[in-house]
Amino acid sequence: MGANTDAMILGAGPAGVALARLLAARGWSVAVVAARRADAWEGLSPRVIVGLQRAGCTAAVGVAGDAAPRRAGWNGRISALNHEHLVDRARFDAALWQDARAAGVRVIEATVATLRRGERGGWTAFDAHDTPLASAGVLVEARGRRAPATGLTDACGPRTVAVARVFRGPPVPAASAAVSFADGWAWMAAAPDGRRLAQIVVDAGSVPPRHRLSAFHATQLLRVPEAVEWLAYCAPEGEASARDATAVLRGGLVGADWLRVGDAAFTSDPLSGHGVHSAVGSAFAALAALTTLRDGPEALPLVRRFVEERSAELFHHAAAVGRAFYRMEERWADRPFWAHRSAWPDDSADAPAPVVHGRRVQPVVVDDRVVEREVLVTPRLPRGVLTIEGVELAPLLRLLADHPSPTDFAASDDTASAVARRVGQPPAPVGAALLWLRQNGFLQDGVSGGGLPTG
Ligand SMILES: Cc1cc2nc3c(=O)[nH]c(=O)nc-3n(C[C@H](O)[C@H](O)[C@H](O)COP(=O)(O)OP(=O)(O)OC[C@H]3O[C@@H](n4cnc5c(N)ncnc54)[C@H](O)[C@@H]3O)c2cc1C
């Protein structure tokens with residue numbers, strides 16, 4: 001059996017490995033139980049690389065390589081969007097495992113079949129033959145979409161499936177493109193070694209059984225002129241495969257000695273292109289949650305609020321952004337695929353109230369711990385902002401509101417120095433905080449924080 005460790009993480013994708021490394025760096029003994037994943041290609045935004053670097057995942061960053069240009073063909077318009085790092089997830093995840101091992105994390109290659117709680121606490125994971133794999137005091141569920149359901153689903157988008165197939169053809173520079181068509185959208189990627197990926201994202205109800213997937217994929221691609229062009233002189237390598245791509249927000253994400261992280265907590269529509277970014281971000285949040293829970297079970301209500309509110313806000317924000325994209329495609333607004341996604345989430349349903357511009361007391365992370373603090377929120381920053389360059393914004397705003405002055409705080413070094421003296425911090429970060437307040441509508445030019453809206 002695996003060593004008895006402080007934490008056992010089931011699943012070694014970006015969420016599991018980033019969290020394993022963060023815990024190990026803080027002295028936890030950690031084991032991850034990792035099953036090999038099926039082949040898949042994904043495009044990682046440059047923000048993912050920053051998150052992976054913060055978590056010290058240098059091997060994974062190396063595999064991600066340079067970013068390639070990404071185009072979009074939406075509502076009949078072609079536009080150059082931005083850049084993304086094209087990764088073969090099997091290779092990328094193998095590099096993540098290397099990163100885990102480099103941090104002293106024990107990587108156990110196995111598939112978890114069952115879990116049992118010990119009589120005196122702790123958890124043990126077993127394989128399909130009931131052989132114990134690892135045991136630990138704290139359990140982290142990081143098996144992504146394959147994590148067992150919690151039995152509580154807070155929200156679920158239209159049932160969606162992605163069908164992908166790899167092709168090979170003449171070598172071309174790395175690039176990717178997302179293109180809409182009548183019954184879905186396609187993501188195409190080209191690697192410099194001549195491999196191409198064509199993935200279509202469609203209504204789950206339209207997808208046939210596995211033995212007819214490749215034929216279905218071919219028929220759908222013929223309806224995407226850009227795909228026909230993209231795959232010129234290419235031949236398929238292997239059959240098409242399908243992945244569930246439905247956006248789901250789980251309920252029940254944390255207990256006194258367990259927590260769900262990454263896609264095991266909530267998943268987004270792949271149109272967002274931020275799944276891996278969100279998974280890595282959730283590892284940092286989970287680090288704070290687990291560190292705080294170590295202080296004792298009385299921390300659980302605050303930690304639960306932190307984990308569940310954070311997940312719900314990110315989930316609903318991603319859903320609203322996705323809906324805006326679906327609504328931009330007007331040519332097939334009456335087709336079921338587009339009609340359902342343009343109408344979800346339904347604003348009248350139980351989504352949280354839209355975020356207003358103002359102040360709010362909420363759980364936040366300070367020094368790796370979950371604490372309650374007042375933050376500033378805007379519709380663009382629904383999770384709220386606590387500090388800019390180490391300066392807490394809400395107390396600063398209160399100070400400004402108590403001392404109305406017609407000065408343009410942000411532009412004047414003298415004013416920044418004066419405010420800095422009052423808050424007892426250096427002028428440069430205070431100047432940056434003042435600038436942030438002004439840029440985000442909490443201060444107007446030449447006007448103090450008096451009369452500000454409150455959340
Ligand atoms: C079709 C599709 C396309 C996507 N495209 C993109 C994209 O282009 N860009 C992007 O950023 N995101 C994309 N995503 C989202 C992205 O894949 C996920 O958000 C991200 O991988 C979540 O990371 P994770 O660590 O939570 O889970 P995962 O990456 O899914 O990792 C879970 C790990 O658990 C392992 N596991 C599963 N079951 C067991 C078991 N029983 N025992 C042991 N281990 C197990 C798996 O093998 C895997 O290694 C896409 C998702 C889908 C469905």
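Tutor: We start with the whole chain and then go to single residues.

Student: What kind of model is this?
Tutor: This is a predicted model.

Student: OK. How many helices and strands in the protein?
Tutor: The secondary structure comes to twelve helices and 24 strands.

Student: What radius of gyration does the protein have, and what would a compact globule have?
Tutor: The protein has 24 Å. A compact globule with 455 residues would be near 23 Å, so the value agrees.

Student: And what does the C-alpha trace span along its principal axes?
Tutor: About 70 × 60 × 40 Å.

Student: What share of the residues is buried?
Tutor: Buried residues make up 52% of the 455. The protein exposes about 20700 Å², and carbon and sulfur atoms supply 54% of that area.

Student: What about contacts between residues 24 or more positions apart?
Tutor: Such pairs account for 67% of the contacts with a separation of 6 or more.

Student: Charges next. How far apart are the mean positions of the positive and negative ones?
Tutor: They are 3 Å apart. The count is 49 positive and 47 negative charges.

Student: Switching to sheets. What is the strand order in the open sheet of three strands?
Tutor: The order is β10-β16-β19, with antiparallel pairing.

Student: Which strands are the edges?
Tutor: β10 (153-156) and β19 (266-267). Each of these edge strands pairs on one side only.

Student: What holds strands of a sheet together in general?
Tutor: Strands pair through backbone hydrogen bonds, either parallel or antiparallel.

Student: Back to this one. How many bridges join β16 to β19?
Tutor: Two bridges join them. Strand β16 covers residues 248-250 and runs antiparallel to β19. Leu-249 stands opposite Phe-266, which is in β19.

Student: Which residues other than glycine have a positive phi?
Tutor: Tyr-233 is one of them, with phi near 60 degrees. Asp-368 is another, at about 65 degrees.

Student: Where are they in the chain, and are they buried or exposed?
Tutor: Tyr-233 is in the loop between α6 (225-230) and β15 (235-244). Its relative accessible area is 76%, so Tyr-233 is exposed. Asp-368 lies in the loop between β20 and β21 (369-378). Asp-368 has 27%, so this residue counts as partly exposed.

Student: Now Gln-220. Buried or exposed?
Tutor: Gln-220 is buried, because its relative accessible area is 10%, and the cut-off for buried is under 20%. The residue is found in helix α5 (213-221).

Student: What does Gln-220 touch?
Tutor: Phe-181 and Ile-200, if residues up to four places away in sequence are not counted.

Student: Last one: Val-105. Where is that?
Tutor: In the loop between α4 (89-102) and β6 (106-109). Val-105 counts as buried because its relative accessibility is 4%.

Student: Which residues are in contact with Val-105?
Tutor: Leaving aside neighbours within four places in sequence, Val-105 is in contact with Ala-20, Arg-21, Ala-24, Val-30, Val-32 and Ala-100.

Student: And how far is Val-105 from Val-17?
Tutor: Their C-alpha atoms are separated by 8.9 Å. Along the chain, the two residues are 88 residues apart.

How values were computed. Residues are numbered from 1 along each chain as its sequence is written. This is a predicted model: local features need pLDDT of at least 70, side-chain atom pairs count only at pLDDT 80 or more; totals for chains, interfaces and linings use all residues. Side-chain values use heavy atoms; hydrogens and water are left out. Helices (H or I, at least four residues) and strands (E, at least two) are DSSP runs, numbered from the N terminus. The radius of gyration is taken over C-alpha atoms; the globule rule is 2.2 Å times the number of residues to the power 0.38. Buried means under 20% relative accessible area, exposed over 50%, partly exposed in between (1.4 Å probe, protein chains only). Contact means heavy atoms within 4.5 Å. Accessible areas come from the Shrake-Rupley method with a 1.4 Å probe; for residues, only the protein chains shown count as cover. Lys and Arg count as positive and Asp and Glu as negative; His and the chain ends are not counted. The place of a charge is taken as NZ of Lys, CZ of Arg, CG of Asp or CD of Glu. Two strands pair if DSSP finds at least two bridges between them.
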